[in-house]
Amino acid sequence: MAERAGSVAGHRRRLRERFLRAGLVGLQDYEALELLLMFAIPRRDVKPLAKLLLERYGSVEKVLDAPPAELLEIDGIGPHAATLIVLLKQLSYCSNSFAPNISNRRRGAWMCSIRPERWLIFSA
């Protein structure tokens, strides 16, 4: 069992290092989802779950677009993983090349500008 835990830890380390060296270009789609899920599900092999998400939704983009309630129906996706997936999608709007990052916090809401004429507000 200790050998398996070390093997999983080694795989996670190598996956993180490969991402930091090459970015998303250096990863398969399931590996990108696996890397994301590692942060929400710390002590489990998440590769099968990443592959299941891709099989069910067809692409990383569609996984990120999935409603949280629908994600929670998937065996293995708990509140932490569903929240992280939804958070990543919303943060990606904020870092869109057409806009500044999260720019303001006012009255309990984060505001992100996609275009100067439009604001997205995410309740805190």
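1. Helices here are DSSP runs of H or I with at least four residues, and strands are runs of E with at least two, both numbered from the N terminus. By that rule Leu20 lies in helix α1, which spans residues 2–22. The model is a predicted one, in which local features need pLDDT of at least 70 and side-chain atom pairs count only at pLDDT 80 or more, while totals for chains, interfaces and linings use all residues. Residues are numbered from 1 along each chain as its sequence is written, and side-chain values use heavy atoms, with hydrogens and water left out.

2. The chain holds six helices and three strands, and from the N terminus on these elements run α-α-α-α-α-α-β-β-β. Of its 124 residues, 33% count as buried, where buried means under 20% relative accessible area, exposed means over 50%, and partly exposed lies in between (1.4 Å probe, protein chains only).

3. Leu20 is exposed, with a relative accessible area of 69%.

4. In helix α3 (residues 47–57), the buried residues are Leu49, Ala50, Leu53, Leu54 and Tyr57. Seen down the axis of α3, these buried residues fall within an arc of 140°, so they line one face of the helix; the arc is that of the directions from the helix axis to the C-beta atoms. An α-helix has 3.6 residues a turn, so residues three or four places apart point the same way.

5. The face of α3 turned away from its buried side carries the exposed residues Pro48 and Glu55. After α3 comes Gly58, whose phi is positive, near 95°.
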